[in-house]
Every structure is written in structure tokens, then in C-alpha cells.
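I opened this model to see what could be read from the coordinates alone. These are my notes, in the order I made them.

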Amino acid sequence: MAAEPASSGPQTRVNSRRSYNVVHPVDIETPPLASPAPASSPDVYREVKHFKKWVVWLIPVFVVANVIMFIITMYVNNCPKNSINCIATFLGRFSFQPFKENPLLGPSSSTLQKMGALDVNKVVHRHQGWLLITCNWLHGGVFHLLANMLSLLVIGYRLEQEFGFVRIGLLYVISGLGGSLLSSLFIQTNISVGASGALFGLLGAMLSELITNWSIYASKFGALFTLLVVIAINLAVGILPHVDNFAHIGGFLSGFFLGFVFLIRPQFGWVNQRYGPPGYASSQAKPKFKTYQCILWVLSAIILIVGFTVGLVMLLRGVDANKHCSWCHYLSCVPTSRWSCKTEPAYCTSSQTGNQLFLTCSSNGKNGTYTYANASSSQIQGLCSQLCS
């Protein structure tokens, strides 16, 4: 999607008034597990691998990786060289774009495009499919990065502790891909960056994990209600302008169905049967999983395979999903008397006379004159973004 920053929230859509959308989930206490039936000998204890606590390391690594990518992005951005009126100039080339251009304290849109922001035109016509993944590791500013990383620590730490780094790592990456995929089908004129599609995937997985392992939890109804409220609030943020709610929805749905596949746990009857002390016998052999768990697993696997396949085919064929769903754009922005949902990328006409650079914004008709000798394309794009914002 393309151009300049102007608000904050979970996944980020960048346009002539760029915004970065960040998730602010509430810390949800996972309902306590009901204890397995006691074995006949209280002195015998064996750790049950299906319920052990994992050492958390992958989520912190993800946080560090996102921070490093932001530092590299700011190094490449080099605001003093490519823009005027930079913020925090004492940081040198790490200083931020003008607040009017990017209120989140971050780089320019052109820099994010260089670093791998999601640009549908590049994915479809230049076959740069990796942008569906790389955009999830970029952030539009300091505020965007902090909000997303704090959310990742709050949600991801507990999930990795309960289910391990392999399942949570796959869930995070695939959910991010799902968010990028749905976003690219509906929002095709602006660039997008941010980890919120993956973060919403973790929220969706928390919900499906509670559902599929329903019988082994205590205080389940209270936890379900709290989780639904948190999800609803975060999705509601997406109806504000400049917020890419399609990335949120795509990530949430991907994580929700992945949770049924990755986060299924055996029932306690089977656990007691398998890990009971010598001489322990159950009156009736128990299956590892309940019937409803198996049904949800199969249905979710089918939905994920079909959904991702159809979505990728539609994207690579250049399909604009808005043409097939006239009301779907309201899922990402609801216009009111206080704001408009119409956003256009920043385009300017330019001419150079000596040291004078003349720009005219195509969207609002504003003119600007700047003192630049042989301005580079990056400098012109930065000035254009400011002029059109």
C-alpha cells in the first residue's frame, strides 16, 4: 500500500496520511487446568510431557529480531540526508521523519518499501511473494514497535510456556502470512507493515485452544467471556481510518483454525491411563482425544489448506476482492462525520530550476518550493509525503 504515516494501531497501512495500527491486548489469565485424577499411589510422580512447562526463548528472540530490523530500517532511512526538519537530529542518521509525515517516530514510506513492506503491485507483477512475510518484521515507528512488542510478550510468553517454541513459532509466522494475504486482497493502493496480523493470530489461537481443550479447564466460562471481550475491542479499533483491519482479521482467522490443529491436548482419562503407576488400571480404555477434538482438527486443517490456496491463487491473479464484496471495506474503516475513509497515496509533479525544486501534490493541489541541488528520488518522495499530508 503506499506513502506516509498518520495514526497508530495494530497492523499498519501506510498512505498519504500514514498510520500504524498496533494491538493492545489485555493480559488474560489462562484458566487453570483441572488436575488429573490422582493415581493410586501418591508417592509416585512422573512428568507428563503433554502438560509440562517449556522454557521460553523464541518469543524474546522474535522481540529482539523486530527491534534489530527497526534499527536497520532507521539506518537506511537516513533522514538528515533525504528529508528536512527531522526529529531528534542528535541521533544523526537514526533521526526520525518529520512528525507531520510520520507521527509514530519512524522512517519514510519509501524506506519501508525498500526494506520489504507489503506492496501488492510488487507481489503480483514483480513476483516478490516474500513481501507477504517480510512486512511482518517491519514497523512504522517507535510507538508502533513498542506497542506490538509489549503485546507479543504478554500473549506469546504464556503460549510458548504452555506449548513450546515449535508450535508457537509456526503459529506466529503462518498467522502473519494469513494477515498479509487477506490484507493484500482488499487493500491494494497502500503499503503495509507490522506484526499485528501475527499477534491477532496468537489471540485467535488462545480462543480455539480454550474451545478444543474445554473439558480440562476450570473457570472456563469466565475466561471465555474475558477473551471474547478483548478480541472484540481489538478488532473494533480496526474500523478507524488508516488502520488495516483486514490484516487483523486474516491473522485472527488463521490463528483460530491453527489453534485447533497445533494446540490440542489429550484428555485426562488417557493421561491417567498412560502415566499411572504400576498396577493402575482404568475401568475403561480412554482414547487420547475426544471425538469433538478430532472433528475440529480435521475441519480446521481442511479450511486452512483451502483458504490459503484460494487466497494465494486470487492474489497472484491480481484479483481485487472489493469488486466481489461491495460492503467488505466497512470491516476496515467506517466513515463518520469526524473522519473520512478515503486515502490516496502521495503523488507529486516536480521540476528543478538551478537549486530550486518545485513540487505540486496531485491529491490536494498544494505547491511547495525547496532549496535542493540535484534532489534524489528519495528526497523528492519525502518532501512529497509532507506536502500531501
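**Entry 1, whole chain.** I noted before anything else that this is a predicted model. I then looked up the secondary structure and found 13 helices and five strands. The protein has 389 residues, and 51% of them count as buried. For the accessible surface I got about 17,800 Å², with 64% of that area belonging to carbon and sulfur atoms. I also checked contacts at a separation of 6 or more: 71% of these come from residues 24 or more positions apart.

I took α6 next, which covers residues 142-163 and has 22 residues. From the first C-alpha to the last, α6 reaches 30 Å, close to the 32 Å expected at 1.5 Å a residue. Where does α6 bend? I found the bend at Gly156, and its angle is about 35 degrees. After α6 comes Gly164, and its phi is positive, near 90 degrees.

I looked up the UniProt record, an unreviewed entry, for the annotation "transmembrane region". The record gives residues 54-75, 137-157, 169-187, 193-214, 221-240, 246-264 and 294-316. I checked two of these segments against the model. Residues 221-240 are 85% helix and 0% strand, and their end C-alpha atoms lie 30 Å apart. Residues 294-316 are 100% helix and 0% strand, with 33 Å between the end C-alpha atoms.

I moved on to β3 (residues 348-353), which pairs with β4 in the antiparallel sense over six bridges. Within this pairing, Thr349 has Thr360 of β4 as its bridge partner. The two strands form a hairpin with two residues between them. Gly354 sits in the turn and has a positive phi of about 60 degrees.

I then followed β4 to β5 (residues 367-371), and these strands run antiparallel, joined by five bridges. Here the bridge partner of Leu359 is Gly368 in β5.

Which side chains of β4 are buried? I found Leu357, Leu359 and Cys361 pointing to one face, and these are buried.

Note on methods
Residues numbered from 1 in each chain as written. Predicted model: local features only at pLDDT ≥ 70, side-chain atom pairs only at ≥ 80, totals over all residues. Heavy atoms only, no water. Helix = DSSP H or I, 4+ residues; strand = E, 2+ residues; numbered from the N terminus. Expected span 1.5 Å × (residues − 1). Bend = angle between axes of the 7 residues up to and from the residue. UniProt positions renumbered as here; feature names shortened; annotations may be inferred. Buried < 20%, exposed > 50% of the residue type's maximum accessible area, 1.4 Å probe, protein only. Contact = heavy atoms within 4.5 Å. Areas by Shrake-Rupley, 256 points an atom, 1.4 Å probe, with all protein chains shown as cover. Pairing = 2+ DSSP bridges.
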